[in-house]
Amino acid sequence: IVGTQLVTKGYHFPELTLVGVVDADLGLEGGDLRAAERTYQQVAQVAGRAGRGEKPGEVLIQTRHPEAAVIQALAAGDRDAFYQAEAEARREAHAPPFGRWAAIIVSSEDEAEARDAARAIGGKRPDLPDVLVLGPAPAPLSLLRGRYRYRLLINARRSAQLQDVIRQWLGQFTFPASVRVAIDIELQAEAAVLCAAHGRAPQPGDLVQRPAGRGRVGRRQPG
């Protein structure tokens, strides 16, 4: 059986005794702050497909980073070790739940326009002791559906009023309709706002399915 992540989703193959995971650590290189957590979940899940019947199973993991905590925990079958290592790494980085992360992603069909808009936003970054802004730099998926994407990362302490900071920061700008700005609080897609803003800065807390049209903001409430 050869498959992608689809084969991890709870299928039962009673005669399957060997599972091989190719490039198991590939997800660690995508710039996702939850990459280790997702890698552990996916690899552990697919490993569970082996040896589910009467025959014992074996799992082979291909990796270029055998020293990574997530790979070592997978090899040892030690979930608690991964949890402890991940919690410590997040504590040091002030990542959730010990701090807050957010991203501002600027996109346009014109690369120069996206880059310039992102630089303009970065040039007026807030100067606060509990908020650190990194970037702008090309987003992990720098070209998506014909749009060039640049990202600024925000690392804030729990004490920071992050949404207020972003609202005041972006409120200084008027974006042309060709520029879209996405605010991803805690870096979760369900908390993102996608805005083709014309005379209106995107607001944290807006939840958007798709651009509603030129110069308009599509909105929906969480449900």
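**Figure 1. Contacts of Thr-39 in the predicted model.** Beyond the residues up to four places away in sequence, Thr-39 touches Ala-24, Gly-27, Leu-28, Val-70 and Leu-74. Thr-39 itself is part of helix α1, which covers residues 35-47. The relative accessible area of Thr-39 is 6%; because this value is under 20%, the residue counts as buried.

Figure 2. With neighbours within four places in sequence set aside, the contacts of Pro-136 are Ala-118, Arg-119, Gly-122, Arg-125, Arg-151 and Leu-152. Pro-136 has a relative accessibility of 28%, so it falls between the 20% and 50% limits and is classed as partly exposed.

**Figure 3. The pair Pro-136 and Gly-122.** The C-alpha atoms of Pro-136 and Gly-122 lie 6.3 Å apart, and 14 residues separate the two in sequence. Gly-122 is also one of the contacts of Pro-136.

**Figure 4. The protein that holds these sites, with five helices and seven strands.** Read from the N terminus, the order of elements is β-α-β-α-α-β-α-β-β-α-β-β. The protein has 223 residues, of which 38% are buried. Among contacts with a separation of 6 or more, 59% join residues 24 or more positions apart.

Conventions:
Residues numbered from 1 in each chain as written. Predicted model: local features only at pLDDT ≥ 70, side-chain atom pairs only at ≥ 80, totals over all residues. Heavy atoms only, no water. Helix = DSSP H or I, 4+ residues; strand = E, 2+ residues; numbered from the N terminus. Buried < 20%, exposed > 50% of the residue type's maximum accessible area, 1.4 Å probe, protein only. Contact = heavy atoms within 4.5 Å.
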